[in-house]
Amino acid sequence: MQVSPDQVATRCADRAHTWAQVGDRIARLAAGLRRLGLERGDRVACLALNSDRYFEYFFAVAWTGSVFVPLNTRLAGPEIVYSLTDSGASILLVDDALAPIVVELRPGLPEIRELVYLGDGESPIAGAHSFEDLVSDNAPAPPSDAGGQELAGIFYTGGTTGRSKGVMLSHDNLLSNAFHILPVLGWNRDAHLLHSAPMFHVANGAGMFAISVVGGSNTIVDRFSP
């Protein structure tokens, strides 16, 4: 697929980035995460509302050969702790909306070594690293050779009848699903996807990876609102 580097890739709030800029930011964020001690196969969780930075998180984690763990923002505190502990996450990204929950839960999360703040300005969580500093303060990292049946992400089920289950999806799983979607929806580089479904959900991920394959555009709102 031909992706135009000058085409707008993401729009969110008052920010817009081309595909060339997004690619550069992803590589720089990957380098920043590695500087925090992230190694191949490590789990990186995210507890946040939708944003362009959430979009970049998925690809930067994959860039390092690590595993993304997007967390359901609607879960109660003990359920969030369970998902983080069960997945073995060592780094957690969080935004302003969910920061108070993380502050409350932090004492029960000894395995979380580093926190990354997705918002602007000073972090409300002591010791959290700035997402934008991780991007701006690091040179682009070369991509890992992760792919195939290697684990890419863990998506937790709702746990309706018991504990949430961590559904393990490989790179091949995600790409195959994207390629299955494209001919059905007829998307190409002119397609424009509105991200109003929660980005922690694999249903949104299906569209996100598919639109990225063809180099379309993404407009991201923090949550659905009529």
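Within what distance do the axes of helix 6 (residues 171–185) and helix 7 (residues 202–214) come, and at roughly what angle do they cross?

Modeller: A caution before the details: this is a predicted model. The axes of helix 6 and helix 7 come within 8 Å, and they cross at roughly 75°. An angle of 65 to 115 degrees counts as roughly perpendicular, so helix 6 is roughly perpendicular to helix 7. Helix 6 brings Leu 174, Leu 175, Asn 177, Ala 178, Phe 179, Ile 181 and Leu 182 to the contact. Helix 7 answers with Ala 206, Phe 209, Ala 210, Val 213 and Val 214. By class, these residues divide into 11 nonpolar, 1 polar and no charged.

Helix 7 has another partner, helix 2. Their axes come within 12 Å and again cross at roughly 75°. Helix 2 and helix 7 are therefore also roughly perpendicular to each other. From helix 2, the contact takes Phe 55, Phe 58 and Phe 59. From helix 7, it takes Met 208, Phe 209 and Ser 212. The classes here are 5 nonpolar, 1 polar and no charged. Note Phe 209: this residue of helix 7 takes part in the contact with helix 6 and in the contact with helix 2.

Follow helix 2 (residues 52–64) back to helix 1 (residues 19–35). The two axes come within 8 Å and cross at roughly 60°. Helix 1 is therefore oblique to helix 2. The crossing is right-handed. On the helix 1 side, the residues are Trp 19, Val 22, Arg 25, Ile 26, Ala 27, Leu 29, Ala 30, Leu 33 and Arg 34. On the helix 2 side, they are Arg 53, Phe 55, Glu 56, Tyr 57, Phe 59, Ala 60, Val 61, Trp 63 and Thr 64. By class, the contact of helix 1 with helix 2 has 13 nonpolar, 1 polar and 4 charged residues. Phe 55 and Phe 59 face two partners: they meet helix 1 here, and they also belong to the contact of helix 2 with helix 7.

Now two alanines of helix 1. Take Ala 27, which sits in helix 1. Ala 27 counts as buried because its relative accessibility is 5%, and the cut-off for buried is under 20%. Leaving aside neighbours within four places in sequence, Ala 27 is in contact with Trp 63, Ala 139, Pro 140 and Ala 141. Glu 56 is 29 residues from Ala 27 in sequence, and the two C-alpha atoms are 9.5 Å apart.

Ala 31 is the other alanine, also in helix 1. Ala 31 is buried too, with a relative accessible area of 11%. Beyond four places in sequence, Ala 31 is in contact with Asn 138, Ala 139 and Ala 141. Ala 99 lies 68 residues from Ala 31 along the chain, with 24 Å between their C-alpha atoms.

Val 81 belongs to helix 3 (residues 77–87). With neighbours within four places set aside, Val 81 is in contact with Leu 105, Gly 108 and Leu 109. Leu 105 is 24 residues from Val 81 along the chain, and their C-alpha atoms are separated by 7.3 Å.

Next, the backbone at Ala 13. This residue is in the loop between strand 1 (8–12) and strand 2 (15–18). Most residues other than glycine have a negative phi. Ala 13 is not a glycine, yet its phi is positive, about 55°. Ala 13 counts as exposed because its relative accessibility is 74%.

Last, the cysteines. The whole structure holds 0 disulfides. Cys 12 is in no disulfide, and the nearest cysteine sulfur, that of Cys 46, is 12 Å away. A disulfide is a covalent bond between the sulfur atoms of two cysteines. The sulfur of Cys 46 is too far from that of Cys 12 for a bond because the two are 12 Å apart, whereas a disulfide needs the sulfurs within 2.5 Å. Cys 12 counts as buried, at 8% relative accessibility. Cys 46 also counts as buried, at 0%.

Technical notes. Residues numbered from 1 in each chain as written. Predicted model: local features only at pLDDT ≥ 70, side-chain atom pairs only at ≥ 80, totals over all residues. Heavy atoms only, no water. Axes fitted to C-alpha atoms, helices over the stretch in contact; angles between N-to-C directions. Helix = DSSP H or I, 4+ residues; strand = E, 2+ residues; numbered from the N terminus. Parallel < 35°, antiparallel > 145°, perpendicular 65-115°, else oblique. Left-handed = near helix turned anticlockwise from the far one by under 90°. Contact = heavy atoms within 4.5 Å. Nonpolar A, V, L, I, M, F, W, Y, C, P; charged D, E, K, R; others polar. Buried < 20%, exposed > 50% of the residue type's maximum accessible area, 1.4 Å probe, protein only.
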